[in-house]
Amino acid sequence: MSASTNGNSKPRYHLLSVRVENRAGVLARVAGLFARRGFNIVSLAVAPTQDERFSRISIVVDVESAPLSQIVEQLAKLINVVKISELDPGDAREAELLLVTVGVPRAGGKGLGELIGRFGATVLEESAEATMIMLVGDSESLDDFEAGLERYGIVEIQRTGRIGLPTLSPST
Amino acid sequence: MEVTGAQALIMSLEAQGVEVAFGIPGGAILPVYDPILDSSIRHIHVRHEQGAGHAAEGYADATGRPGVAIVTSGPGATNIVTPVADAYMDSVPLVVVAGQVAAGAIGTDAFQEVDTTGVTMGVTKHNYLVKDASEISRIVAEAFHIATTGRPGPVLIDFPKDVANMRIEWEPAGGVDLPGYWPPMEPDPEAIRRAAELIRDARRPVFYVGGGVVKAEASPVLAELVAATGIPVVTTLMARGAFPDSSPLCLGMPGMHGSYTAVTAIQKSDLLVSLGARFDDRVTGKVAAFAPEARVIHVDIDPAEIGKVRRPDVAVIADCRLAIEALVAALAEGGPLDAGRLAAWTAELAEWRTRFPYTYDAGDGSTIKPQYVVEQLRAATPPDTILVSGVGQHQMWASQFWQFERPRTWINSGGLGTMGFAVPAAMGAKVGRPDRMVWAIDGDGCFQMTAQELVTMSMEHIPVKIAILNNSYLGMVRQWQQMFYKERYSSVYLSPDLPDYVGWAESMGCVGLLVTAPEEVRPAIEKANEIDDRSVVIDFRTDAAEQVYPIVPAGMSNDDIVLHPSQAGAAR
């Protein structure tokens with residue numbers, strides 16, 4: 001998904017890093033806004049920041065559903081939204097976490113151990129029938145890893161969606 | 001001083017300068033209704049919560065001050081959702097306090113419990129659930145700040161009963177601290193410079209004036225800007241009166257039922273200067289065909305309106321009054337404009353105005369034409385009369401045939417199109433401006449939706465006048481069924497005399513008058529004007545065959561405007 005574009009080389013999915021007041025119902029306000037304006041959320045992650053008054057929401061938005069400026073300006077109108085940064089891939093570090101259970105033991109799947117090693121993934125649990133694996137990385141790596149696992153039979157999978165922060169050495 | 005949460009609420013409202021609140025008590029809001037007895041706030045006890053909301057809107061529209069409503073939990077709160085949504089669409093500053101079940105009972109499906117903040121999230125500028133009585137003074141101060149600044153709108157405070165009963169040490173609100181709320185005010189000088197340049201160079205410019213000009217109290221500076229530039233003005237449904245209809249540069253209302261000249265001026269313009277308007281679909285028609293040759297300057301205080309419908313060439317994100325002042329200054333700095341630059345344009349507009357005014361068939365005198373009633377009302381009432389309307393044909397005729405000369409003399413439901421708006425909103429307007437004559441022009445369908453508030457008017461001595469243009473139909477729906485559904489009339493017939501409107505008015509303590517012939521119209525209006533100790537309802541039996549013209553059929557280009565049959569074929 002993260003490699004998708006809308007055909008004219010502009011990325012279709014944008015990562016917004018949104019600082020919000022840490023108040024009850026803020027996530028509902030953000031989600032409700034996207035729903036009623038017809039904006040598509042690709043993924044969303046939310047957690048408190050080091051300052052307990054604020055939380056940070058990482059939202060990957062689909063700009064085919066609405067222009068990015070509309071999404072940003074409508075979001076900015078929410079009183080509890082304090083700051084919105086669009087994280088440009090060149091100027092940000094991004095990561096995503098994947099947990100997956102495949103229906104074979106590590107040794108039982110031909111090449112599974114090799115795949116895990118190549119991506120630097122971590123085996124969290126093993127049983128006679130299944131292996132639970134964790135991988136942290138950029139979304140493309142996670143896509144590739146997920147594709148590589150398909151032949152082993154994915155039983156359950158959960159991805160967090162992209163999160164990000166501005167890079168320490170911006171290009172501009 | 002130790003007070004209850006409810007007392008703190010009332011004291012906070014008083015601190016905000018609230019003089020009037022509209023509402024109905026009930027279980028969860030009981031604690032709040034006790035300190036109201038000792039308060040300077042006049043509480044107007046309405047008969048339905050929808051009436052409280054629309055009355056608060058009418059009050060706000062007439063005065064420019066925020067309207068306040070107080071309701072109970074559950075059905076009280078849901079009954080006021082329609083006016084809250086109406087205020088959200090039309091940017092009306094409103095603060096609504098809703099009772100809520102005790103905080104500990106929230107989420108248990110308690111008696112009269114509704115997730116009020118959840119229900120109103122999409123139709124409020126912001127809302128609050130009060131968790132602790134010590135928050136009340138801060139929340140009320142924030143609510144009024146949010147409701148009245150930037151793009152105004154409704155704010156709802158959900159107030160659990162146990163929080164209202166909590167005892168706290170009273171502390172008035174300090175300064176408002178909202179880290180995520182910084183409404184724009186001053187325009188960017190560079191944007192103003194570029195806008196002034198476009199205005200200077202335009203040959204077929206139009207000022208597209210919306211409700212934002214009224215909210216920003218920008219009519220005086222708009223008059224200066226028009227005088228300085230000679231550029232003609234269209235006033236949207238929300239902006240009628242923002243610029244005087246009597247000016248030769250006023251082209252009237254644009255949009256679906258706008259004047260031919262206003263609609264066509266926009267279509268043929270080379271520069272559209274939008275001042276506090278939002279390119280609503282009822283104005284643009286088919287967006288792709290809207291003002292195709294125009295460059296656009298979009299002045300709005302809400303950044304999210306910029307580019308929402310039409311990408312502007314210059315965006316000015318600012319308070320409308322400050323932006324217009326800056327434009328006037330920037331234009332003056334550049335020296336006088338070429339006086340002859342608009343000669344061809346204004347001549348063309350003048351010709352359209354002469355050829356294609358609003359018109360109707362006067363008939364043979366056997367029936368009352370609704371447009372005639374509007375004309376007679378205008379002629380027989382003081383110039384500063386506040387006119388309120390419901391939604392439908394009568395609303396369009398009121399906008400078309402009334403002559404508006406000043407802002408805040410026209411109150412209606414534009415964006416949401418709420419039938420039943422007129423009666424309670426007129427009541428609220430009269431409460432806010434007791435010095436003014438307040439007339440409502442209503443439809444028979446609309447009237448039946450909210451006319452219980454006639455009782456409130458009688459009980460509270462709020463004398464307004466209501467003209468029902470009674471055509472015994474849901475007239476606008478009927479018009480669409482006639483034009484677009486092959487005259488298959490489905491659920492649009494009401495009845496001319498069921499209910500008996502005169503009897504309805506009289507039973508609610510008002511004067512009721514029945515008018516069935518054209519020659520009775522003016523005398524009835526004059527009689528109503530003489531009654532100022534009670535509200536008056538006039539049942540005008542009007543010609544059901546009348547249609548609103550012009551009309552741009554929904555989804556069509558404004559170029560496809562359909563004129564009154566007597567003018568058809570003559571355009572362009």
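Two residues are in contact if their C-beta atoms, placed from the backbone, lie within 7 Å. Keep that rule in mind, as it returns throughout this tour.

The model is predicted: local features need pLDDT of at least 70, side-chain atom pairs count only at pLDDT 80 or more, and totals for chains, interfaces and linings use all residues. Residues are numbered from 1 along each chain as its sequence is written, while chains are lettered from A and ligands numbered from 1 in the order in which they are written.

Start with chain A. Among its contacts between residues at least 6 apart in sequence, 71% join residues at least 24 apart. Chain A has four helices and nine strands. Here helices (H or I, at least four residues) and strands (E, at least two) are DSSP runs, numbered from the N terminus. Along the sequence they follow the pattern β-α-β-β-α-β-β-α-β-β-α-β-β. The C-alpha atoms of chain A fill a box of roughly 55 × 40 × 35 Å, taken along the principal axes. Of its 172 residues, 27% count as buried. A residue is buried if 20 or more other C-beta atoms lie within 10 Å of its own, exposed if 12 or fewer, and partly exposed in between, with C-beta atoms placed from the backbone.

Chain A is assigned domain 1 (13-91) and domain 2 (93-166); such bounds come from an automatic or database domain assignment. The C-alpha centres of these two domains of chain A lie 28 Å apart. Their contact takes 10 residues from domain 1 of chain A and seven residues from domain 2 of chain A. On the domain 1 side, strands S1 (13-21), S2 (40-48), S3 (54-62) and S4 (81-87) of chain A each supply at least two residues. S2(A) gives the largest share, three residues. By class, this side has five nonpolar, four polar and one charged residues. Ala, Val, Leu, Ile, Met, Phe, Trp, Tyr, Cys and Pro count as nonpolar, Asp, Glu, Lys and Arg as charged, and the others, Gly among them, as polar.

Now look at where the chains meet. 16 residues of chain A are in contact with 13 residues of chain B. On the chain A side, helix H1 (26-37), helix H2 (68-76) and S4 of chain A give two or more residues. The largest share, five residues, comes from H2(A). That side of chain A has five nonpolar, six polar and five charged residues.

Move on to chain B. Its assignment gives domain 1 (2-169), domain 2 (189-355) and domain 3 (370-541). The centres of domain 1 and domain 3 of chain B, taken over C-alpha atoms, are separated by 29 Å. Here 25 residues of domain 1 of chain B are in contact with 25 residues of domain 3 of chain B. On the side of domain 1 of chain B that touches domain 3, H3(B) gives the most, with 11 residues. That side has 10 nonpolar, 10 polar and five charged residues.

Finish inside chain B, at helix H17 (residues 393-401). Why is H17(B) largely enclosed by the rest of the structure? Eight of its nine residues are buried, so the rest of the structure largely encloses H17(B). Among the buried residues are B:His394, B:Met396 and B:Trp397. Their cover includes helix H16 (370-380), strand S14 (386-389) and helix H21 (475-484) of chain B.
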